[in-house]
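Student: I am new to this one and would like to go through it with you. Could we look at it together?

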2 protein chains.
Amino acid sequence: MKVWEGKRFSVLVEDGTEIADSPGAVAIVAVDAEERVVLVRQERPAVGVKLLELPAGMIDEGEEPLATARRELREETGLHGGNWRELAAFWSAPGFVRHRLTVFAADGLEEGAAEPDEGEDLEIVRWPLEEVDARLVELEDAKTLAGLLLYLHELKS
Amino acid sequence: MKVWEGKRFSVLVEDGTEIADSPGAVAIVAVDAEERVVLVRQERPAVGVKLLELPAGMIDEGEEPLATARRELREETGLHGGNWRELAAFWSAPGFVRHRLTVFAADGLEEGAAEPDEGEDLEIVRWPLEEVDARLVELEDAKTLAGLLLYLHELKS
């Protein structure tokens with residue numbers, strides 16, 4: 001039963017379980033031609049801080065996750081083309097949030113002009129891959145930690 | 001402004017941002033005397049699947065995260081004592097969920113009897129540390145992926 005409906009998510013109560021129900025989302029570990037991973041820093045009003053995160057976005061209804069990922073990466077950073085693969089898919093907070101995240105890895109990307117949505121205030125940050133290990137302590141977002149660590153893990157194995 | 005209140009979380013709307021607001025939580029990378037990481041498998045009604053996860057739990061009001069972690073690990077697995085350190089802290093889904101997770105690492109633990117909450121149906125699963133790399137594909141929970149990968153990452157560096 002839907003007990004509250006917003007623009008970003010709804011609240012369901014099913015057999016006594018309270019659920020924040022949201023469309024799925026994607027995030028991208030994007031590596032540019034100079035072997036730098038491309039991150040975005042933005043204000044996150046829901047948690048009251050600026051966070052450094054993988055480029056990411058919500059899946060539109062009926063859209064394939066890979067199509068969302070290509071669209072969001074191009075809008076947020078201008079990067080496009082390249083080689084893509086799925087890195088992982090996981091639940092953000094399965095105790096009470098129905099929100100599944102698919103993480104892609106992309107390399108061989110071409111540079112282009114970013115076209116952020118109106119109201120999105122994104123700072124693009126590029127970290128050389130070899131510096132990521134030492135900078136993990138700067139990250140406070142679950143998908144970004146999980147995605148970058150999986151990417152590094154696969155590089156080394 | 002609070003627009004909905006449940007037992008597990010509330011919904012706030014602040015300056016137009018919709019927020020699922022929840023107490024913080026903890027998760028534990030617990031390694032037993034035989035160098036196995038201790039996981040729990042449980043039904044997650046909010047997402048409709050059984051998931052394999054780090055032992056975890058919500059922080060009671062006024063409780064220190066480390067105290068929650070020691071209590072939850074003992075309740076869910078019986079493991080207690082040992083050496084503890086904070087591994088990381090991060091936001092689960094900072095786009096719309098105010099839910100911060102602190103992950104601890106614990107080793108040198110003593111075995112004991114689990115005392116799960118009524119209604120908790122937990123299966124304890126132990127993975128030898130050297131098998132975790134190859135079994136990451138079995139994990140679909142953000143905190144578990146991030147926590148285990150960080151733990152392995154620190155072991156190797």
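Predicted model: local features only at pLDDT ≥ 70, side-chain atom pairs only at ≥ 80, totals over all residues.

Student: How many residues of chain B are in contact with chain A?
Tutor: On the side of chain A, 45 residues take part. Of these interface residues, 100% are also interface residues in chain B, so the copies meet through the same surface. For chain B, the number in contact is 45.

Student: What share of the area buried between chain A and chain B do carbon and sulfur atoms give?
Tutor: The buried area is about 3,900 Å². In chain A, the residues that lose the most area to chain B are A:Glu18, A:Ala46 and A:Phe96, together 17% of what that side buries. As for carbon and sulfur atoms, their share of the buried area is 69%.

Student: Which residue of chain B meets A:Arg100 in a salt bridge?
Tutor: The count between chain A and chain B is 2 salt bridges. In the one with A:Arg100, the N to O distance is 2.8 Å, and that is within the 4 Å that a salt bridge requires. The partner is B:Glu140.

Student: Which element gives the largest share of the side of chain A that touches chain B?
Tutor: Across this interface there are 12 residue pairs in polar contact. Elements of chain A that give two or more residues to the side touching chain B include β1 (2–5), β8 (83–91) and α3 (142–156). The largest share is 8 residues, and it comes from α3(A).

Student: Which residue in the turn between β5(A) and β6(A) has a positive phi?
Tutor: These strands pair in the antiparallel sense over 5 bridges, with A:Val40 opposite A:Glu53. They form a hairpin with 4 residues between them. The positive phi, about 75°, belongs to A:Gly48.

Definitions and conventions: Residues numbered from 1 in each chain as written. Chains lettered and ligands numbered in written order. Heavy atoms only, no water. Contact = heavy atoms within 4.5 Å. Buried area = accessible area lost by both parts, 1.4 Å probe. Salt bridge = Lys/Arg side-chain N within 4 Å of Asp/Glu carboxyl O. Polar contact = N/O pair within 3.5 Å; in protein donor to acceptor, adjacent residues only side chain to side chain. Pairing = 2+ DSSP bridges.
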